[in-house]
Every structure is written in C-alpha cells, then in structure tokens.
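Thanks, everyone. I'll keep this short.

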Amino acid sequence: MTEQKVDIVELSGSRITVTMEGFPVAYGNALRRLALSDVPTMAVDFAYFYDNESSVYDEIIAHRLGLVVLKSDEALRKYGQPEECAGASESDSHCYAQVYLEYEVPPSSSSGVYVKASDLKISDPDVKPVYPDTPIVYLAPGQRIHLAAYARLGRGYEHGKWSPAAVSVLRYSVFVDFNPSKMTKECLDCISAYPDLLRAAEEGKPGRLELSYKENTSALRYCESEACRGALSVTYDPSKLYLTVESTGALEPARIIWEATSCITRKTDKLLKELDEVQVAEAEQK
C-alpha cells in the first residue's frame, strides 16, 4: 500500500495549497467539493425591516446583508450545526446571532451616507464583518433605516453566501520528459514561457522535470503536439495531487480543509450506519 503523505506547500493570507501523495483522486476531489458546499460558516439568514426610507427595496438590502462575509472560526464551536438548528426560533442564542442596524442621516446634512458593514451591531463580538467597508445601502439626507437580522451557520449547498471558499481547485502533478537533441529553435521559442524547462533543455541533456503547480500547462500541451513533436512529453501524475483553497475570509484556509476532512468522516460514518441498519433489517426478514 502506498504511503499517504500531506504537506503544506503554500500558506499565505487567504490561500493554502497542500500536496496529497498516495490518496485516490476521488478523495481529493471530495475535499475540493466539500470545501465549497459542506463546510459551515455564519451568514445572515433573514431580516425584519421596521423602517426603510432608502431608494432600495427591503429584499435587495436583505440580500446584501446575506452576502456580508462574517468571521466564523469561533462560531463553529459556539453555535449549533445547521441540521441541529433546523426549525429553531430566532430567539435561540445557540443557533442565531442577532444583527442590528439603525441609521439615520439628519435632514440638515449636506450629503448622503453609505451605510457599511461596520455600522452593523452584532450580538456576538466573535461574529463580525471580515470586510467592514462593504457597502449596504446609500441614505440621502433625511432618510432612515432600521432593521433586525439573524445570522446562523449554514452550508454552501443551501446558498453560496455560506460557502467559505472562493476558489477550490485540485490539480495533478505535471512532469515533462524532454530531449534537447530533438528540439528545434521553434520548439525552444515555444517553451520560453516555462523558464525552468527552457533552462534544463539548454543544458543539453535529456531529462524529466516536475513543473510548479502554479504553471498553466495548456500552452505546453500545444508545444508538445506542434512545435516540439517527439522532443518532449507532458505527463499528468495522479499519485501526487495539489489542492488549492482560497478563503472568502469567513474561515482560515487551513481550517476549511480540516473541516472538509471532518465532513468526509461524518458522511462516511452515516453511510456505514445506514448500511448496517439495512443489513439488520434484511436479516430479520429472513
């Protein structure tokens, strides 16, 4: 059995890339999909409007509130999972955080004001806007808005506002076998966009090179089939996978991958339990 190994090759800001060796492609692809669809985050679910004198309909403002990215790392520990809170009342503090907004521009003001995410008052200080300058609505002099909204944990398959990842990509490792003695000037010009490969080819010895996971290989495939026929071969190796996840800011990128693996465990346990129940039921019928 191939040894399984996971390494972090990039972790900067909102982006993480990990290598996965010895894992089936199906497992890597499941992580990629679950990072988008099943890892829960906090987002505004619904809102009650008491006053809205702006030029924007209640429904549009409610939609904008839902798209305000809320910090959710602590929320995963403090709030009930979506399945647990299905049908819960908004007064249930284990399931909902209250989001309150009341803003008025005095009639005497010389100009209007953009109400931003930073103007929201949230009952839980750990659940706060990741991007405070996100605009919600413009109020002209004399206009007022007053609403109460409720945020809860949800999953991306319910609505995109609950997806913690803006990008989730799985790539194979890419190897290039090359023979400089068969490379023409046209071929060398074609691969000039790949400095490491060009440098290796100019050394004059045949070899094999692994390309960086950041490099797009579509142009290289063109070189392989047109300008460099017989001189190089591009191979995609599924035994070493690169998973890149870019967070919206709701969760730390490493936390997204961790939670995605937990989702796989949870789904697998549920499936095994249901299979056991089916087997028991079939045995009782015999």
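What follows is a quick tour of the cysteines. Keep in mind that this is a predicted model.

Let's start with the count. The structure holds 3 disulfides. Number the bonded cysteines in sequence order, and the pairing reads 1-2, 3-6, 4-5.

Take C85 and C95. Their sulfur atoms sit 2.0 Å apart, in a disulfide. Both cysteines lie in the loop between helix 3 and strand 4, 10 residues apart. C85 is buried at 6% relative accessibility. C95 is buried too, at 3%.

Next, C187 and C228. Again a disulfide, S to S 2.0 Å. C187 is in helix 4, residues 185-190, and C228 is in the loop between helix 6 and strand 11, so the bond ties together parts 41 residues apart in sequence. Here the torsion is about 105 degrees, so the link is right-handed. Both of these cysteines are buried.

Now C190 and C223. This disulfide also has its sulfur atoms 2.0 Å apart. It runs from helix 4 to helix 6, linking residues 33 apart. With -90 degrees about the S-S bond, the link is left-handed. C223 counts as buried, at 1% relative accessibility.

That leaves C263. The cut-off for a disulfide is 2.5 Å. C263 is buried as well, with a relative accessible area of 4%.

Conventions: Residues numbered from 1 in each chain as written. Predicted model: local features only at pLDDT ≥ 70, side-chain atom pairs only at ≥ 80, totals over all residues. Heavy atoms only, no water. Helix = DSSP H or I, 4+ residues; strand = E, 2+ residues; numbered from the N terminus. Buried < 20%, exposed > 50% of the residue type's maximum accessible area, 1.4 Å probe, protein only.
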